[in-house]
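The following exercises are to be worked with the sequence and the coordinates at hand. Each task is followed by a stepwise solution.

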Amino acid sequence: MLGLVCLTAQADNLTVYQKVKSTDELVSGDKYIIVREDPEQSYAMGNLVNLEKKSSGLVGESVKVSIQEDKITIPNSDVLVVTLNGTSGAWYIAVDNMYLTASKGDNYFYLQTKKSSDKNQKWAITMESITNVGADGRGIRFGTDFRSYYNKNNKYDEVCLYRQVTDAEGIMLTVGAISYATLYYSNQAFVVPANVKVHTYKYQDNTLMVSKTYAPGQTIPAGTAVVVAAQPGSYPFLYSSETGDGDAANMLRGFDEAATATAPEGNASDYYFYMLSLNKDSDPGSAGFYFGSGCTNGGPFTSGAHKAYLALPKSQANQARSFLLSTIPTGINKLTASPQQRGSSCVYNVAGQCVGSNYHGIVIVNGKKRVVR
């Protein structure tokens, strides 16, 4: 089975940037990032790269960012950090002691090593746009990447600046293509970032259901194992000094170092152990909790550092081999026979649990109910 989480297991050097809302916040010598804001997905300008279409022409890569309360928290290594020099209406944008320059003839940027009076080195900056003074009104705009486009071409988006305000401590959690990851730290609480939902899970009435949800801005208590739901991308989980509200019903567990899954109490032989994964065929939409790789009987497996796993008493699990996360947000893990699930070798009970061949009762096979006696 395919593991789903990529996690930075130690503190990252993160920096907080705040949206510039006034010309008073444009200060010579201060550091900024260039951002294209969008309700669906915002991007910051990344490294300048040569696409080999122009010998010395450069474009800015696109880096996905998450905005929360007009702030972006991100490692500096991921984005292009620029320094403003000059005055209003004639700003120089410095990149590593070189100066961002536009050209009248194409949509590329150029870097010049010396500051000059050349108007193509100077930029007029408002809260909604960055326009070159000399290159026929070209500006920094966004299409699929950041380039020097004519401002009159409305198919490209305007950009704005975010100013560096402070450094921060935390981790960057990467959510993969299937939109789930797990997280556990025994002695560190975290603040949930924007555009993310965080869940704990409990087992009740023969069903796996969401026990508690931590919304953006809330604190995940130290020692709380969680599942993170978000669009693919990297998200800053900043350290929190608050305690947060714990969840005594949470059935998720975890370790700070890679270790063999253990039972919450009693003997491991009395429990089934599940890892976050796709099904054996890696079908899209099949993300859920499954028996660990090579553990067809639901026995303990090695859980990675700072990842979470699920441990259920066999007396409650009813021989369930898996739980599909896509069916749980309503609070009840009912089976929905999606195209990705049809044709699977797994047989489900009416609670949406993958059950073994010796299970008796109502089962669902390829979306149809059957009775096994």
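**Exercise 1.** How much space lies in the second largest cavity?

*Solution.* This is a predicted model, in which local features need pLDDT of at least 70 and side-chain atom pairs count only at pLDDT 80 or more, while totals for chains, interfaces and linings use all residues. Residues are numbered from 1 along each chain as its sequence is written, and side-chain values use heavy atoms, with hydrogens and water left out.

Step 1. On a 1 Å grid over the protein atoms alone, a cavity is a set of points where a 1.4 Å probe fits but cannot get out, and lining residues have an atom within 4 Å of a point. A volume is the space filled by probe spheres set on the points, which are joined across faces, edges and corners.

Step 2. Two cavities of 30 Å³ or more are counted by this rule. The second largest cavity holds about 40 Å³ of space.

Step 3. Its lining includes Leu183, Tyr184, Tyr185 and Val226.

**Exercise 2.** Determine which way the side chains of strand β22 point and which strands pair with β22.

*Solution.* Step 1. Strands are DSSP runs (E, at least two residues), numbered from the N terminus. In β22 (residues 226-229), Val226 and Val228 point one way, and Val227 and Ala229 the other way. All are buried, that is, under 20% relative accessible area with a 1.4 Å probe, protein chains only.

Step 2. Two strands pair if DSSP finds at least two bridges between them. Strand β17 (residues 180-183) pairs with β22 in the antiparallel sense over four bridges, and Tyr180 stands opposite Ala229.

Step 3. Strand β19 (residues 197-204) also runs antiparallel to β22, joined by three bridges; Val198 has Val228 as its bridge partner.

**Exercise 3.** Is His199 buried or exposed, and which side chain does the side chain of His199 meet in a polar contact?

*Solution.* Step 1. His199 lies in strand β19. His199 counts as buried because its relative accessibility is 13%.

Step 2. The side chain of His199 makes a polar contact with that of Thr213 at 3.0 Å. Such a contact is a pair of N or O atoms within 3.5 Å; within protein, one must be able to donate a hydrogen and the other to accept it, and residues adjacent in sequence count only if both atoms are side-chain atoms.

Step 3. Beyond its neighbours within four places in sequence, His199 is in contact (heavy atoms within 4.5 Å) with residues including Val226 and Val227 of β22.

How values were computed:
Buried means under 20% relative accessible area, exposed over 50%, partly exposed in between (1.4 Å probe, protein chains only). On a 1 Å grid over the protein atoms alone, a cavity is a set of points where a 1.4 Å probe fits but cannot get out, and a pocket is an open set with protein on both sides within 12 Å along at least five of seven lines; lining residues have an atom within 4 Å of a point.
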